[in-house]
Structures are given as structure tokens and as C-alpha cells.
Amino acid sequence: MVESDFDKIDAVLHEFEGRKGSLIPILQKTQAQLGFLSKEAMEYISGKTKIPVSEIYGVATFYTQFRMHPIGKNIIRICHGTACHVANARKISEALYEELKVEPGGTTKNLKFTVEEVACLGCCSLAPVIMINDKAYGRLTPSKIKDILAQY
Amino acid sequence: MENSVRIKIGLASCGIAAGGLDVLEKVENFLKEHDVDAQLDHTGCIGMCYAEVLMEIEDDEFGSTMYGYLNAADIDDILNAHFVEKKPLTEHIVFSDKLGGKEKEILDYQTRIVLRNCGVIDPESIDEYIERSGYEALQKVLKDMSPVDVIDEIKESGLRGRGGAGFPTGLKWQFAYNNSADKKYVICNADEGDPGAFMDRSVLEGDPHSVLEGMLIAAYAIGSDTGYIYCRAEYPLAVKRLRIAVEKAKEKGFLGSNIMGSDFNFDLTVYEGAGAFVCGEETALMCSIEGKRGMPTFRPPYPAESGLWGKPTNINNVETYSNVAWIIRNGAKKYAEFGTEKSKGTKVFALTGKIKNGGLVEVPMGMTLRDVIYKVGGGIIEDRKFKAVQLGGPSGGCIPESLLDTPVDYDSLTKTGAIMGSGGMVVMDDTTCMVDMARFFLNFTQNESCGKCTFCRIGTKRMLEILNRITQGKGESGDIEILEDLSRKIIKGSLCGLGQTAPNPVLTTIKYFRDEYEAHINDKTCPAGVCKDLIKYLIIEDKCIGCGACKRACPVDAITGEKKEVHTINQDICTKCGACMTACKFDAVKKL
């Protein structure tokens, strides 16, 4: 971590000063700024907020949103909810892992994409669905994957 | 200047996923190039998701015309026909005032109370919400009603919690009202985590003010001045629209101090979840707002007595709050005219799976499942045979064909072994394997278990292991009995709703589809042809002409054969992906 990283965390902490129960939004904003939650970042937050590191680590590991490793520039979420499952989401997953040469939850070597499977994105009528960052792509077939990835 | 032409494009998450932004761009370009004076807006989800992208044109000439099934490529032709030639193209018309379109029936069967503004207004405009009687209920409450009046009205309406448990809302508010404390909280549970459910998302994206107004009225009723909307982070558009709504409400004086000039104060914060299904459970949700791990706690005490930071708290679901303003404006009696004796009002369902008209529908309680699926939903895709409908997500159960005439109300559904749930309705046909579905749900709940209770943590894992074995062809006699026994114990030994309902999909599928389990275990076959280890792909000798298409399509090189000679699949290498069957143009690949 470099000095500007600590400054970013300070700015986040300042925003939530005096507001009780803000640990989760603090971690969310820190992750948004730094890309992931490093051990150093959590220790720094602990020092400033007086919340024990063990508690912060406990919260960070409980919620799936938090990452303790660097992630790719673009996050691909493959929906494996009920409707997508019934619409063969498995095939879409396999096509993505094949194309990007990653494991589920993994990041491509060039740090361009991180791919993870999630439970439900709420676009069930367009199953199967993936989300890349904030954009959802529906009515997918394995053949459409290459073109979609090329946009990034 | 008042525009007499208005164009609305559905841009909720579904609309965007179907290409809505490209359509928007094309429309913008057309209007500019042809100098058409029209007001172009986004709107939320009208619920006809199967027909996305949807675009409604309102003008003096044709009244309202809803075009659907749109791609960016269709736009120039459609707008040209509509505005320049004044001869609209009818193939894309879903329904209209003057130009036909039979799909209006789908809306006619529905009673849209919760979804009253979705697909009609621009969700980022507070003025449009106000134009459609928005915040009138709040005004009525602050001017003419006491907290007790409000609670009585909600009690009389018969409104029950729409999150799934169906607890009488008025009574819940009463409990919180009765507990005196220096601080009380109002929370909206917008952590819609059930896979297959997106009712709440549509309301949050399409009509966020209806939720705000409901929360304000609840806060007034119980005596609270602080509220939270806990929205899952996987709904970024919903979070964005909620935050905009809160800002706009503040600007108009509907949030903050001295609301509408009264001495009622209320502050609202939008809180983003962090990816834990269990946080949809109310005690876990409150722990999460407190900055802790989302692990459920004992009830009693219930939140109405001791909730957030130990203070009396009222938590309701998005859909529940969305009903409140309508009830206050139109009266409890009017609301109670809809529905059945014990289940008043309407329910929003997310119809998905193998259904023709998939999307969001809002129907009066009491309509039969058959009518929802066949009348409103249009029936099964390709008119295949109906097998089951899954209600209530991973906490719910599967209902077979024999029970299709069950009315949709809390008690009738509970009798079948399923639950109303939050509204997810996944329709399945004969190509769905019920054992695989049970395994799918258990896999989900097992992953999401917080780990506190031994029976939930380890019990669901053991059940999942057994189901995995069964779907892999390694089922043993006695497995079904173990599953049933474990289910009963997990239900008894779990603290919260997650563990208490996790076995439901297994229990209902065993109850209604035992023969499928037995086929997997005893005969090592999967009747629906889904479980990979129990199916085989074979090339039919008489039909294969040796073109090699399947060989080229195979990702694992499992197919051998010379040109113009019958090809064969090596069963040891085959991963059952089905690419060969898709590639074959001669119907020579069969799935057994």
C-alpha cells in the first residue's frame, strides 16, 4: 500500500465519522477505492476505528462481496439462479471459463477479467444472464460470449 | 411547452439487458434527424419481460401504442411508419388503444396495485409520482389521522407481510407502537435474495417513491424518526434510483424535519447489502446494519420489542410498503374487496422458467395457479407438458399438476407443503429433473448457511452429499428415508428461517415425485434426461452420414469416425455437453 491509499481510506473514514455501525459501508467504499481489502488496509482501519482486526476480518470474510485479493478490471458475474439454471447456465459458465482460461472465481492473467458465479441477478425472464460490471446481458448462448467480451 | 407526443422506453435492468440502451440511442437519433417533437423518457418495468425491449408511444393520433420485441435494428422502420407515413407496423404492437394487439389480455387479468406506476412513470421523477396521487396518502395521514387511526386502517385492510411469512402488517405495527422507547426504527427489507425473484427489484427501480411513502406512513404510525432501506448490492440500479428518490423527497420536504409542515420528522438512509442471502432474515439484517456478521439471533424478543440496537423496530418487505399508500388513499375496505377472506389484496409474482409470457404479474389473491400459469402466463413454452411449479424459492416447494387448481393464498399454498414465499414462481416442464432441482436448491442454501446451528450447517451438507450421489448414479436404498429424517431434524434444530425451510424443496419433491428419486436410485436413470452421469449420447447408425460435424463440435475429442462413415462417441471421454446433438443436422444423435 502507498501513501495515497492511506489517504483514500482516511477520506472514507472521515465520511462515516460518528455514525455507528458503519463498518460494512466503510469496507465497501475502501474496496471500491483500492480494488480489494488487503491485510494492511484492514489493520489500518482497525487502528483508526478501534474495532478489533479480528472483528473486521470476521465481517470481511462473512460477506461474499469482499475480496482479499486483487481483482480484474472488469467483473463478470454469471447468474446461477433458478431460472438461469433451468435455462442451462452451466453451458454459459463453461464457455466463459474456456474462453478466458480461468477457474470459477478466478482472474485472468492480464488482470482484465474476474469471473464469479452468483446466485441470482434478478433478470430471470432473460435467462441465462451474466453481468459485466453494472451491465446485464441476457438471452445468452455460448456463441455470443466472444463478441460480448470483445467490447471490453 | 407541453409535448403532445411522449415516448417511453422500459429501462429497468431487464430492459437494459435486452438492449434497451441501444434502442434508446436509435430513437434519439431518429427524433433528431426527422425533427420530431417528442418527449423521450425512461420508465420502469411493466412486467412483460418476455417482450422486451418495450417502447410506448403516446400521441394524439393513435393514443397509446406499445411496441415490443424490439431490437435497435427495428427502430428506424417502426418510427418511420409511425410518425412519417402514419401507418404503424402492426407486427411489433403488443397492445394499443387503436391499433389492436391482443396481448392486452395479459394486463387485463391483473390487478395492479403494487405495480401501479411501474412502466408508466419515469422513476427518477418525483413530479410524475406526485401527479399520480403520490404523497397524497402521507398528507392525509399527517393532516387527518392519528397513529392509531393509521394502524387500525392497515389492520382492517387485511394486509399481510409480502416477504413470505404473511404476518398481519397492522398487528406488527401495533406491537411496535405499543412498546415505548426513546428511539424507534423503520426498516425496509430490500434484500431480495431468492433466486428467481425480482418483484422487489422492479418496484425499487420502477417506483421507488411508493416504498418511501409506505415507510413514512409506518414511521408516523409507530413513532419512529429514523429509517433504513437495506438493499442488496447486486441491484445497483435499484440502489441508485432509491438514492435519487431520497434526495428528491428531501428537496420537497417529504423527508427530514417538519415534514409537510407537521411536527413529524423522519430521516432515511439507503444501506447496501454485501452479498449474504441470510441477511434477508430480519435479525441477520439488523446485525448487518449494526456492522456485524449477519448471523440470526433468537426471537423472542421480536424486532417490534427489541430490534436495531435493541430498540423497537418495524421491518417490512418492499412489496408490503408499496401497498400502504394505496390503502390509505382508497381505504381499507376497498383493498379488502380484492383477494380471499384470509388473504386480502394482490400478490406480485415473478413468472419464470418454461413459460411463454415470463415476467412480472400482479394478481388478486385467490386466483388459481392454473389461471396464473395458463391465462396470464400463456402456458408452457412450445406447449410442452407442465410438470411442476416451484413457489417461494429455496424456502418453498414444488407443486405438481394435480394441484394446479390450488388458489394462490397463504393458507391454501401452505397446505400443499409449499409456501407463498416472496413471489418467485418457476415453471417446469418434462425436461426438468426434480431431483436435480432439489439438489440445486440445497446447494444454494448450504452455501448461504451462516453456520451457527449445527443441524443447518452440517445437516444441509449431508443432504447435499446424498443428493449429489443420487444424481451421479450412486444412490443407495434407504437414501430417501435418510433425507426425510434429516429434513425433519434440520427443521427442528434450526434457529432461523433459512435452516427451517431449507429442506422444503427436498420434502416436496419426494412427496410428489418419489418415482423420480426411485428411478435415479434403483434404476440409475434420469427420466427427464438431465443428470449427466445418468444420460448417454449415442449416434444412430442408420441416420449418420459421416459428415463429421459432431466430431468438430466435440470439445473433448470424444468422437471418432472417418468421412462418410458412421461416427461413434467414446462414452469414457464424453462430458455429456450435448454439442454433438446441436451440431448434427440429420437427427443422428440421440440422448438416452
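The model is predicted, so local features need pLDDT of at least 70 and side-chain atom pairs count only at pLDDT 80 or more, while totals for chains, interfaces and linings use all residues. Residues are numbered from 1 along each chain as its sequence is written, and chains are lettered from A and ligands numbered from 1 in the order in which they are written.

Let's start with the domains, whose bounds come from an automatic or database domain assignment. Chain A is split into domain 1 (3–62) and domain 2 (74–150), with C-alpha centres 30 Å apart. Chain B has domain 1 (6–103), domain 2 (126–336), domain 3 (346–429), domain 4 (434–523) and domain 5 (536–591). In chain B, the C-alpha centres of domain 2 and domain 4 lie 35 Å apart. Their contact takes 9 residues from domain 2 of chain B and 8 residues from domain 4 of chain B; residues are in contact if their C-beta atoms, placed from the backbone, lie within 7 Å. On the domain 2 side, 7 residues are nonpolar, 1 is polar and 1 is charged. Here Ala, Val, Leu, Ile, Met, Phe, Trp, Tyr, Cys and Pro count as nonpolar, Asp, Glu, Lys and Arg as charged, and the others, Gly among them, as polar.

Now for the place where the chains meet: 32 residues of chain A are in contact with 41 residues of chain B. On the chain A side, the elements giving two or more residues are helix H2 (23–34), helix H4 (53–62), helix H5 (82–86) and strand S4 (135–137). Helices (H or I, at least four residues) and strands (E, at least two) are DSSP runs, numbered from the N terminus. H5(A) gives the most, with 4 residues. By class, this side of chain A has 19 nonpolar, 12 polar and 1 charged residues.

Turning to chain B, you can find an open sheet of 5 strands in the order S11-S10-S14-S12-S13, with mixed pairing; strands pair if DSSP finds at least two bridges between them. Its edge strands, S11 (359–364) and S13 (397–400) of chain B, each pair on one side only. Strand S12 (residues 386–391) of chain B runs antiparallel to S13(B), and 4 bridges join them. Gln390(B) has Cys398(B) in S13(B) as its bridge partner.

Note on methods: Contact = placed C-beta atoms within 7 Å.
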